[in-house]
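The exercises below go from the overall fold to single side chains. Try each task with the structure open before reading its solution.

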Amino acid sequence: MKFITSILFATLCALALSSVVVVDAFGTPSKLALSGVGGGSTFVTSQKRQCVVVEKTPLKGSMSMMGGKKSKFGIFSPAVIGAKVVLGDNELKKIRAKAIGLHSGAIGDFCSWAGASHMRTPLIKKAKENGDTLGFLV
């Protein structure tokens, strides 16, 4: 009886191993599987290929700040829009960059004078946030 049971067991194991097809994480079928339910790891067989779509953001001509956030319409926005019409977009960007550079320099000088050089970056970020709220970054 033991002999028949062991032959039956060996036959079932051979049939099980020969007919099981496992799909790995990349969708490639494989016949070699010795563990898990159904002949393979449930972790490996549960993975599927995924396609990720990344949207491209416009680099020029948008009215957004760095970080992709829309600029707010503030009290100085009409003056900035008027300057953009009169001076042109490129000239306004040059003037704005010069003003931001001078203001950042003044913040840096103040932080050095006050002995709070660790506060330079947070103060510049706060100035950018206030400029957005007031409408300078439209």
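The protein chain has 5 helices and 2 strands. The model is a predicted one.

**Exercise 1. Fold and burial**

Task: State in what order the elements of the protein chain run from the N terminus, and what share of its residues is buried.

Solution.
- Step 1. Reading from the N terminus, the order is α-β-β-α-α-α-α.
- Step 2. Of the 138 residues in the protein chain, 15% are buried.
- Step 3. The protein chain exposes about 11,300 Å², and 68% of this comes from carbon and sulfur atoms.
- Step 4. Among contacts with a separation of 6 or more, 39% are between residues 24 or more positions apart.

**Exercise 2. The nonpolar patch**

Task: Find which residues form a nonpolar patch on the surface, and which helix gives the most to it.

Solution.
- Step 1. The members are Phe73, Ile81, Val85, Val86, Leu87 and Ile95. Together they have about 630 Å² of accessible area.
- Step 2. Helix H3, residues 77-87, gives the most, with 4 residues.
- Step 3. Take valine 86, which is placed in helix H3. Its relative accessible area is 70%. Exposed means over 50%, so valine 86 is exposed.

**Exercise 3. Aromatic pairs**

Task: Determine how many aromatic pairs the whole structure holds, and classify the pair of phenylalanine 76 and phenylalanine 136 by its geometry.

Solution.
- Step 1. The search of the whole structure gives 2 aromatic pairs.
- Step 2. The ring centres of phenylalanine 76 and phenylalanine 136 are 4.6 Å apart, with the planes at 15°. Planes under 30 degrees apart count as stacked, so this pair is stacked.
- Step 3. Phenylalanine 76 is in the loop between helix H2 (42-46) and H3, while phenylalanine 136 is in the segment after helix H5 (120-134). The pair therefore ties together parts 60 residues apart in sequence.
- Step 4. Phenylalanine 76 has 37% relative accessibility and counts as partly exposed. Phenylalanine 136, at 38%, is also partly exposed.
- Step 5. Phenylalanine 110 and tryptophan 113 form a tilted aromatic pair, with 5.9 Å centre to centre and 35° between the planes.

**Exercise 4. A pair within one helix**

Task: Explain why phenylalanine 110 and tryptophan 113 are separated by about one helical turn, and decide whether tryptophan 113 is buried or exposed.

Solution.
- Step 1. Both residues lie in helix H4 (residues 89-114) and are 3 residues apart, so about one helical turn separates them.
- Step 2. Tryptophan 113 has 70% relative accessibility and counts as exposed.
- Step 3. Phenylalanine 110, with a relative accessible area of 47%, is partly exposed.

Methods. Residues numbered from 1 in each chain as written. Predicted model: local features only at pLDDT ≥ 70, side-chain atom pairs only at ≥ 80, totals over all residues. Heavy atoms only, no water. Patch = residues over 30% accessible without salt bridge, like charges linked within 9 Å, V, L, I, M, F, W, Y side chains within 5 Å. Areas by Shrake-Rupley, 256 points an atom, 1.4 Å probe, with all protein chains shown as cover. Salt bridge = Lys/Arg side-chain N within 4 Å of Asp/Glu carboxyl O. Buried < 20%, exposed > 50% of the residue type's maximum accessible area, 1.4 Å probe, protein only. Contact = heavy atoms within 4.5 Å. Phe/Tyr/Trp six-rings, centres within 6.5 Å; stacked < 30°, edge-to-face > 60°.
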